[in-house]
Amino acid sequence: MKRFGAAIGGALLAAVTIPAAAQVAPLPPPYVGAYQPQGVDEIGWWREDDEAERELAASPLVIRDEKLNAYIKRVLCSTVGEDRCRAVRMYIMREPTFGATMVPNGTMRVFSGLLLRMRSEAELGAVLGHEFGHYEQRHGLKRFKATRSATDVLAWGALLASMAPTYDVRRSYSDLRFSIYGNLFLYSRDNEREADRLGIGYLNNSSLRPHAASEVWQNVMGEIEASARVKGLKKPNFNSIAFTASHPPHAERAATMAALADPAASSRGDGAESYREAMAPWLPIFLEDQIKLNDFGASEYLIQSLAEGGWTAPLWFARGELYRLRGHPRDLVNAAEFYQSAIQLDPALAGAHRGLGLSLLKTARPSDGQAALRKYLELKPEASDAGMIQLMLPKEGTPN
């Protein structure tokens, strides 16, 4: 499947040494049912999760559209299986960043920024399966217990160091502290690797193409690099691991997931067309939220990537908004062209007429700009900004 920035991802994968453990992921074990909390600590954690879920259920950020929720839940079920899927209570959040989480009580949060970046059911299934892998292996609980044990050791170490305040003791405590912190970060990275392996195992056992998981991370790298390039930052090193990294490097993940995917499943469908259809009503909203993040390079990358399947009026409109809001003189000329392309495909797209008018007014084309704004008001007379737009138009009988 050709993708924007595929050459970048391919070059990175070629430079990565795949860990020795990266063999074809085994099929998932038989599901033993939803885990029930054991002991005071776990029961307390569950209660906190339950209270957080009650607040989440009332949050204005939750997207409650039944059709969208049913579709995303179906993708999860297609990935992990119906028996596992029954343990999940899913909430789709209007949050434009890339992400999804699942906590021990069975609550899964899926961010709209993730849905914008996925291109198929297989890609989405890879991410949701990864999160379910954390849940099935109880990584959150294990990390909590490991962190508590580590902080207990540090507290006792600090107490003992204070009782013998010599340089050698303070140095030994400093070494202990860095060693414990380093092992906690390593523990988190190993949990992520295990969840990746489980996620690919679910996909290998599904009807979806597991190789899509690697493509997710190739595109994440492409987006990050595009963002850095526009900001004038140094090209990211996707192979490096910072001391405080909680996840493996992106290039390692992409290469490892490609190796974990079952070669016999490479010809499976990935549900790209059905995914595009399901996302079509939400694409303008998700793109609007993305553009508001003020990350020109990342937004341009995403729009171009979405357009590989063909330019549509919403995509041209989003690109026009992106360029107009950045506001460089050359951006306004480009924005006007993009809005006109959107109008050619959908003359009734009111926002494109608005954007076109505002862009033309700022490029010394007042008559054309005012005509576009009049068309906007004609198409959307009840617009919330109708009064403001009306002030930009000359009164009848008044020269421009």
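**View 1. Five nonpolar, two polar and one charged residues make up the lining of the second largest cavity.** Here Ala, Val, Leu, Ile, Met, Phe, Trp, Tyr, Cys and Pro count as nonpolar, Asp, Glu, Lys and Arg as charged, and the others, Gly among them, as polar. This is a predicted model, in which local features need pLDDT of at least 70, side-chain atom pairs count only at pLDDT 80 or more, and totals for chains, interfaces and linings use all residues. Residues are numbered from 1 along each chain as its sequence is written, and side-chain values use heavy atoms, without hydrogens and water.

**View 2. The second largest cavity has a volume of about 30 Å³.** A cavity is a set of points, on a 1 Å grid over the protein atoms alone, where a 1.4 Å probe fits but cannot get out; lining residues have an atom within 4 Å of a point. The volume is the space filled by probe spheres set on the points, which are joined across faces, edges and corners. The lining consists of Ala-126, His-130, Asp-196, Gly-199, Ile-200, Leu-203, Ala-213 and Met-257. Two or more of these residues come from each of α6 (121–136) and α8 (167–204), and α8 has the largest share, four residues. Helices are DSSP runs (H or I, at least four residues), numbered from the N terminus.

**View 3. The largest cavity has a volume of about 60 Å³.** Of its 12 lining residues, Arg-117, Asn-219, Val-220, Glu-223 and Leu-302 are the closest to its centre. The lining has six nonpolar, one polar and five charged residues.

**View 4. α9 (212–231) and α13 (296–306) each supply at least two residues to the lining of the largest cavity.** α9 gives the most, four residues.

Technical notes:
1 Å grid on protein atoms, 1.4 Å probe; cavity = no way out; pocket = protein on both sides within 12 Å on 5 of 7 lines; lining within 4 Å.
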